[in-house]
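Please consult the sequence and the model while reading the points below.

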Amino acid sequence: MLSELLAILAPIVISVGAGYIWGKTGTEFPSDFISRIVMNIGTPCLIISVMAKVDVQPSVMGQVALATAIVMTAMGLFGWALLRWMKLEIGTYLPPLIFPNNGNMGLPLCLFAYGQTGLALALGSFMVMMVATFTVGLLLVTASEGGIFKRMAAIAKQPVIYSMIIAVILLVTHTELPRWISNTLDLLGGIAIPLMTIALGVSLATLKIHFWKRSLLFSFLRVGGGVLFGFIVCELMGLTGVSRNVVLLQSAMPVAVFNYLLALRYDRHPEEVAAMVLVSTLVAFIGLPFLLVAIL
């Protein structure tokens, strides 16, 4: 069991650690350029590449996606009620509770734990999170700004959205891509996960912790609440095997770095959101071995 855990977690810890050391040395890291490469080229190619080759029933993928959506909705309702009771800004504190880092951390974790099948199912969960982030997430943080149609138009320009549509069509129709297209997608999609984990490490190295108590509270709510709601949803839907475990792992991810970028862009107390990202990531790294032991 120890060797299995090491095989799953070591690649993630090492690659994130490499990014963290890079960030601490002060060496230039073009985060904006890297994020654009990952979001506009690497991730869309990865989604299509995996979905075109993996042997997963569309119904199973749909169950994972639906379970993820229900978990995120439950977290959203719980977080909204909690924030209203605590009299905190919804637009600042609700997105970190809803949107987990199931891209940078979740995808490699499910890949190393369950292979290509785990990665494919994790991509189903990731796609739900991305759609929700670029719709609900943007609407939450820009609630005080006008131009809803302008914001929705910006969402429609995201290549990830169209790659999801293509991937679903390929999955449902069992279409086999020409070899040259498949090889090209494999090559370009292969950059996504390594750059995600390294960029996460660099981001963690540059973030600073403020408001320890509140950061700890929201970090435990993000990770612990995700596991709890994930377990409840899996039980209610009757999910078993790899599908159940992928939903639990993706639900247990820490606050996504993208929440910090949105908070920084729209001036939603970015220093507090940065602290939540950092502390929740540490909480997740500590808790993941126990979760993996429970589900493997």
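The model is predicted: local features need pLDDT of at least 70, side-chain atom pairs count only at pLDDT 80 or more, and totals for chains, interfaces and linings use all residues. Residues are numbered from 1 along each chain as its sequence is written, and side-chain values use heavy atoms, with hydrogens and water left out. Helices (H or I, at least four residues) and strands (E, at least two) are DSSP runs, numbered from the N terminus.

**Confidence**

- The average pLDDT of the protein chain (the predictor's confidence in each residue, from 0 to 100) is 86, and 94% of the residues score at least 70.
- Confidence is lowest in helix H6 (residues 148–156), with a mean of 64, and highest in helix H11 (residues 241–251), at 94.

**Packing of H5 against H9**

- Helix H5 (residues 106–141) packs with helix H9 (residues 192–206) at an angle of about 95 degrees, and their axes are 13 Å apart. Axes are lines fitted to C-alpha atoms, for helices over the stretch in contact, and angles run from 0 to 180 degrees between N-to-C directions.
- H5 and H9 are therefore roughly perpendicular to each other. Angles of 65 to 115 degrees count as roughly perpendicular, under 35 as roughly parallel, over 145 as roughly antiparallel and the rest as oblique.
- On the H5 side, Leu107, Pro108, Leu111, Leu119 and Phe126 meet Ile193, Met196 and Thr197 of H9. Contact means heavy atoms within 4.5 Å.
- Sorted by class, this contact has seven nonpolar residues, one polar and no charged ones. Ala, Val, Leu, Ile, Met, Phe, Trp, Tyr, Cys and Pro count as nonpolar, Asp, Glu, Lys and Arg as charged, and the others, Gly among them, as polar.

**Helix spans**

- The 15 residues of H9 reach 21 Å from the first C-alpha to the last, close to the 21 Å expected at 1.5 Å a residue. The expected span of a helix is 1.5 Å times one less than its number of residues.
- H3 has 29 residues, which should span 42 Å at 1.5 Å a residue; its end C-alpha atoms are 41 Å apart, which agrees.

- Buried means under 20% relative accessible area, exposed over 50%, and partly exposed in between (1.4 Å probe, protein chains only).
- Among the buried residues of H9 are Ile193, Met196 and Thr197, which also meet H5.
- H11 is mostly covered, with eight of its 11 residues buried; they are Ser243, Asn245, Val246, Val247, Leu248, Leu249, Gln250 and Ser251.
- These buried residues of H11 pack against helix H3 (58–86), H5, helix H10 (212–237) and helix H13 (270–295).

**Loop residues**

- Lysine 87 follows H3 and has a positive phi, near 60 degrees, in a residue other than glycine.
- The loop between H3 and helix H4 (90–98) holds lysine 87, which is exposed at a relative accessible area of 73%.
- Histidine 174, in the loop between helix H7 (159–173) and helix H8 (179–189), also has a positive phi, near 55 degrees, and is not a glycine. With 57% relative accessibility, histidine 174 counts as exposed.
- Alanine 256 lies in the loop between H11 and helix H12 (257–265) and is buried, with a relative accessible area of 7%.
- Not counting residues up to four places away in sequence, alanine 256 touches Phe99, Pro100, Asn101 and Val277.

**Residues of H10**

- Leucine 236 is in helix H10 and is exposed, with a relative accessible area of 72%.
- Glutamate 235, also placed in H10, counts as partly exposed at 48% relative accessibility.
- Glutamate 235 and proline 30 are 205 residues apart in sequence and 43 Å apart in space, C-alpha to C-alpha.
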